[in-house]
Amino acid sequence: MAARRLSSLVSRSLASSLLQSPGRTCGRWSNLSRFSTAAAVQELITPQVQISYTQHLINGKFVDAASGKTFPAYDPRSGEVIAYVAEGDAEDINRAVSAARKAFDEGPWPKMTAYERSRILLRFADLVEKHSNELAALETWNNGKPFEQALMSELPMFVRLFHYYAGWADKIHGLTVPGDGNYHIQVLHEPIGVAGQIIPWNFPLLMFAWKVGPALACGNTIVLKTAEQTPLTALYVAQLLHEAGLPPGVLNVVSGYGPTAGAPLVAHMDVDKLAFTGSTETGKVVLELAARSNLKPVTLELGGKSPFIVFDDADVDKAVELAHFALFFNQGQCCCAGSRTFVHERIYDEFLEKAKARAMRRIVGDPFKKGVEQGPQIDVEQFEKVLRYIRSGKESNATLECGGARIGSKGFFIEPTVFSNVKDDMLIAQDEIFGPVQSILKFKDIDEVIKRANETRYGLAAGVFTKNGDTANRMMRALKVGTVWINCFDVFDAAIPFGGYKMSGIGREKGIYSLNNYLQVKAVVSPLKNPAWI
Amino acid sequence: MASLSNGHSIDIKFTKLFINGQFVDSVSGKTFETIDPRTGDVIASVAEATKEDVDSAVQAARHAFDSGPWPRMSGAERGRILMKWADLIDQHTEEIAALDTMDAGKLFQYCKMEVPSVANMLRYYAGAADKIHGEVLKTAGKFHAYTLLEPIGVVGHIIPWNFPSTLFFNKVSPSLAAGCTMVVKPAEQTPLSALFYAHLAKLAGIPDGVLNVVPGFGKIAGSAVCSHMDIDKISFTGSTQTGREVMQAAAKSNLKQVSLELGGKSPIIIFDDADVDTASQLALIGILFNKGEVCVAGSRVFVQEGIYDEFEKKLVEKAKAWVVGDPFEPNVQQGPQVDKRQFEKILSYIEHGKREGATLLTGGKAIGNKGYYIEPTIFANVKEDMLIAKDEIFGPVMALSKFKTMEEAIERANNTTYGLAAGIVTKNIDIANTVSRSVRAGMIWVNCYFIFEHDIPFGGYKASGFGKDYGMEALHKYLQVKSVVTPIYNSPWH
């Protein structure tokens with residue numbers, strides 16, 4: 001049953017920029033010893049935030065699940081329950097869709113001027129800015145990501161994204177187009193209607209912004225299903241959005257699991273558009289359900305096995321730091337993680353030595369503690385999956401350079417792990433691990449590395465490290481991926497489109513391209529009588 | 001302190017030049033008087049910029065562009081600062097509106113709407129600052145090529161007196177969003193709100209030197225801006241005659257780029273199928289709004305013969321009921337003309353109209369003996385070779401005439417040196433479409449008039465100028481296109 005398969009897969013993925021000066025960051029943290037906070041894992045810092053919202057947000061009101069059921073939300077530092085959240089099923093989705101439908105068909109949202117929509121989004125961004133501390137704390141508590149990362153990087157990016165989309169709302173232009181004969185032809189860009197959006201747990205707030213921002217700017221209404229691992233921050237910001245003046249029914253948030261809440265949303269006959277971020281396997285199910293129901297158009301941001309390619313003319317120290325960041329950032333839970341580190345043979349030994357040393361210096365611990373670089377994995381399932389892949393790496397005779405084990409006995413902490421001598425046919429070089437496991441591979445020349453980098457079913461992103469302009473230019477066109485970062489990685493500006501080639505997805509989010517996901521194109525043709533020109 | 005009609009008074013806070021983030025006296029120490037057109041009294045003495053002041057303003061702008069943070073910060077950061085400026089403007093709506101009303105004789109009720117609308121325009125361009133896209137190009141050879149849209153540099157803006165706030169911001173906002181620095185010369189009649197805006201710009205965090213405001217006269221300060229060797233672009237709004245001089249000065253100095261938003265003699269064409277009440281109201285507003293001191297004023301009204309008589313009757317009734325008086329009074333629809341010179345010029349055109357044999361249906365005289373008030377004036381039987389049908393009068397004077405066919409209306413509408421705007425009133429979609437394409441003007445309003453919006457580009461055909469204000473188009477006035485080309489080896493696609 002397709003719905004059953006959704007259960008463990010329905011939510012995940014995607015990263016966001018941070019640490020654009022890794023060298024500086026490294027310096028700040030270098031005085032902390034490796035795993036120095038492991039002890040703190042036993043004495044967890046209490047987050048400075050209350051959990052105020054645990055119900056569904058439907059038609060502008062917080063309501064219990066139709067069934068009355070709840071499910072637990074956990075603290076991945078300890079595996080303990082921090083809240084019980086309304087558990088959505090088909091009936092809650094029906095209610096949410098009908099509210100969104102009404103808000104779209106009859107409500108003020110698509111009928112108000114784009115400028116008014118834009119003002120509401122700007123007010124919302126201001127409110128989020130004011131509540132940054134609580135939101136970052138809640139994000140870390142429920143997700144396990146470093147608090148400093150959430151507060152200093154992700155919250156400002158969230159605000160930035162809403163400013164960006166607010167600025168688009170009043171600049172969505174159709175075209176007037178030339179006719180072959182005497183016709184006046186206009187192209188209207190209309191909101192598509194009710195958008196169903198399913199977001200993952202790795203960047204709960206940023207994925208909210210990527211999805212909700214453009215959909216609202218274009219005048220759509222939304223039913224959003226959050227990941228069951230991370231339902232809390234979306235409810236908090238959705239409440240702020242209403243405080244900013246969003247009319248009821250425009251954004252409805254339903255918490256719950258993939259098979260029971262995600263699947264009915266995807267298959268709903270009254271949802272006009274579906275956007276999903278998560279695993280490739282679930283993405284296939286989503287596309288299939290959309291096809292079987294009402295042929296709603298689908299945007300998919302799926303998995304990746306992104307190459308990070310270091311040429312022999314690169315600055316090795318910088319490349320090591322960035323490759324480390326590209327993989328380990330956010331506990332390795334990024335769909336665009338640089339999980340295949342290809343290093344030119346001439347610098348391979350030096351690179352490997354330094355990459356290993358860097359991984360061993362990585363500070364893992366309570367993500368609320370200052371200076372901690374890596375918190376726990378999201379949940380027990382992911383935690384065990386990552387450990388299984390580490391075993392697979394060892395069994396396939398990759399060399400385990402460091403790490404490879406869990407840390408402590410509580411929570412889902414895993415040692416930063418580096419494998420060398422990784423071969424293309426090993427499972428750890430083919431599958432998306434979604435954890436702190438770096439695989440280092442050796443290459444000889446550019447033709448070889450292009451071929452190997454492209455030999456994957458994924459095509460999300462790639463990093464290229466070189467000083468040579470010709471190499472950079474060739475690589476940027478040869479790699480079959482949606483984003484190429486040259487001498488940088490994980491740069492996620494609001495205006496940069498993001499999305500995958502091949503089985504990494506369909507469509508692009510962020511940038512002007514994201515608007516296409518939420519607009520219908522309507523051509524309007526009428527005859528012209530005696531025009532002065534055509 | 002200047003007094004308002006309601007007994008209140010307003011403190012004029014800013015009367016000096018704004019250069020490099022400071023309010024300073026002019027080098028010469030000279031000042032000029034800005035006049036209240038309701039009375040002809042002096043409101044304030046304002047520092048008068050001469051060439052030396054323009055030089056120091058340009059130097060500040062140059063430095064801010066070449067070495068300052070403004071073009072070097074991200075569009076998003078510039079946008080945040082512009083947003084903050086907009087919020088500050090919203091907090092001072094009444095005070096700024098009063099300055100414009102006093103300085104320009106504009107309706108206070110209107111100015112209280114105009115000021116928030118300029119804040120909105122700033123927000124529009126704040127949201128545009130991070131959406132300036134170059135392109136990656138197709139090449140015939142094995143090259144990789146792309147364009148960069150770079151800020152053009154130091155911009156000179158010369159602004160007229162009829163919409164001191166709106167026209168300040170439709171120039172300043174897109175050029176700031178693009179990353180330029182600038183020297184703004186407001187009109188000598190209306191320098192006050194521009195200086196207030198400069199003060200708020202500094203509070204909002206616009207770095208020193210990015211925005212400089214130098215009040216003064218066209219022949220002295222304006223001319224120094226136009227012929228300055230270190231200004232990269234001049235953006236002028238004003239009369240067609242001055243526009244020619246601006247362009248000549250640009251040509252003779254450093255060939256700086258020029259954009260001009262000039263005069264108009266815009267037609268409103270009303271067809272037989274129009275609702276006469278609505279159409280006569282639209283035509284009336286078309287010429288009387290802002291005392292006719294509008295470059296897009298609908299100063300030639302063409303009405304189809306089937307409804308002409310009824311139209312004329314209703315139009316005259318409405319014009320007679322139009323209330324002229326102190327623009328601070330809420331029931332008043334029309335204040336005084338901006339100054340003595342304009343006032344006299346308009347009256348002389350009215351005399352011309354009478355002498356040339358047009359029929360004066362209503363108005364035609366000054367009102368009272370103080371200030372610069374003129375009656376709403378309508379001439380009928382206007383022939384195309386009459387001066388009142390050809391020249392931009394810039395006052396409450398309509399030239400009304402009758403037409404038979406659409407083809408005739410199109411031909412007569414286009415029989416002008418100008419091409420700024422046009423109005424069409426009809427229920428017929430074919431007429432609307434055909435006339436829209438046939439009239440050689442930059443803005444066509446169908447069944448509406450005076451609709452200016454931030455996202456709608458505006459600018460003239462023919463002697464009405466070139467270059468567009470408003471919309472994303474306006475950004476391109478302040479951007480240079482740079483193409484970057486490099487060979488590419490072994491590319492998998494071309």
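Okay, let's start with a salt bridge in chain B: Lys185(B) and Glu188(B) pair through their side chains, with 3.9 Å from N to O. This is a predicted model, so please hear every distance today as coming from a prediction. Which of the two partners is buried? That's Lys185(B), at 3% relative accessibility. Glu188(B) is partly exposed, with a relative accessible area of 22%. The cut-off for buried is under 20%, so Glu188(B) at 22% doesn't count as buried.

Over in chain A there's a network. Arg101(A), Asp105(A), Asp270(A) and Asp272(A) are joined into one by salt bridges that share partners. As a reminder, side chains of opposite charge can pair when their charged atoms come close.

Back to chain B for another pair. Lys291(B) and Glu293(B) make a salt bridge, and their closest N and O atoms are 2.8 Å apart. Buried or exposed? Both Lys291(B) and Glu293(B) are buried.

How many salt bridges are there over all chains? A search of the whole structure gives 57. Here's one that crosses between chains: it runs from Asp430(B), in helix α14 of chain B (residues 429-438), to Lys529(A), in the segment after β20 (519-527) of chain A. The closest N and O atoms of Asp430(B) and Lys529(A) are 2.7 Å apart. On the chain A side, Lys529(A) is partly exposed, with a relative accessible area of 44%.

Next, backbone angles. Most residues other than glycine have a negative phi. Asn290(B) isn't a glycine, yet its phi is positive, at about 55 degrees. You'll find Asn290(B) in the loop between α9 (276-288) and β15 (300-304) of chain B. Asn290(B) is buried, with a relative accessible area of 9%.

There's another asparagine to show you, Asn20(B), where phi is near 55 degrees, again a positive value in a residue other than glycine. Asn20(B) sits in the loop between β3 (17-19) and β4 (22-24) of chain B. How covered is it? Asn20(B) is partly exposed, with a relative accessible area of 38%.

Staying in chain B, let's look at Ser173(B), which is in helix α5, residues 164-178. Ser173(B) is buried, and its relative accessible area is 0%. Where does its side chain reach? To the backbone oxygen of Phe169(B), at 2.5 Å. An α-helix has 3.6 residues a turn, so residues three or four places apart point the same way. Leaving aside neighbours within four places in sequence, Ser173(B) is in contact with Leu82(B), Met121(B), Leu122(B) and Tyr125(B).

Still on chain B, a word on annotation. An unreviewed UniProt entry has "domain: Aldehyde dehydrogenase" covering residues 23-484 of chain B. Over residues 23-484, chain B is 41% helix and 21% strand, and the end C-alpha atoms are 41 Å apart.

Now chain A, and the residue I expect you'll ask about. Which residue does UniProt mark as "active site"? It's Glu301(A), again from an unreviewed entry. Glu301(A) is in strand β11, residues 298-301 of chain A. Glu301(A) is buried, with a relative accessible area of 1%. If we don't count residues up to four places away in sequence, Glu301(A) touches a list of residues including Phe276(A), Thr277(A), Leu460(A), Phe498(A), Ser504(A), Arg508(A) and Glu509(A).

Then there's helix α9 of chain A, residues 258-266, which is mostly covered, with 7 of its 9 residues buried. Among the buried ones are Gly258(A), Ala261(A), Pro264(A) and Val266(A).

On to Gln186(A), in strand β6 of chain A, residues 183-191. Gln186(A) is partly exposed, at 30% relative accessible area. Its side chain and that of His184(A) are joined by a polar contact of 3.4 Å. Setting aside neighbours within four places in sequence, Gln186(A) is in contact with Leu175(A), Thr176(A), Lys522(A), Ala523(A) and Val524(A). And how far is Gln186(A) from Gly304(A)? Their C-alpha atoms are separated by 39 Å, and the two are 118 residues apart along the chain.

Last stop, the surface. Tyr74(A), Val81(A) and Tyr84(A) form a nonpolar patch there, with about 300 Å² of accessible area together. Tyr84(A) belongs to strand β4 of chain A, residues 80-86.

Methods
Residues are numbered from 1 along each chain as its sequence is written. Chains are lettered from A and ligands numbered from 1 in the order in which they are written. This is a predicted model: local features need pLDDT of at least 70, side-chain atom pairs count only at pLDDT 80 or more; totals for chains, interfaces and linings use all residues. Side-chain values use heavy atoms; hydrogens and water are left out. UniProt positions are given in the numbering used here, feature names are shortened, and annotations may be inferred rather than shown by experiment. Helices (H or I, at least four residues) and strands (E, at least two) are DSSP runs, numbered from the N terminus. Patches are made of residues with over 30% relative accessible area and no salt bridge: like charges are joined within 9 Å, nonpolar side chains (Val, Leu, Ile, Met, Phe, Trp, Tyr) within 5 Å. Accessible areas come from the Shrake-Rupley method with a 1.4 Å probe; for residues, only the protein chains shown count as cover. A salt bridge is a side-chain nitrogen of Lys or Arg within 4 Å of a carboxyl oxygen of Asp or Glu. Buried means under 20% relative accessible area, exposed over 50%, partly exposed in between (1.4 Å probe, protein chains only). Contact means heavy atoms within 4.5 Å. A polar contact is a pair of N or O atoms within 3.5 Å; within protein, one must be able to donate a hydrogen and the other to accept it, and residues adjacent in sequence count only if both atoms are side-chain atoms.
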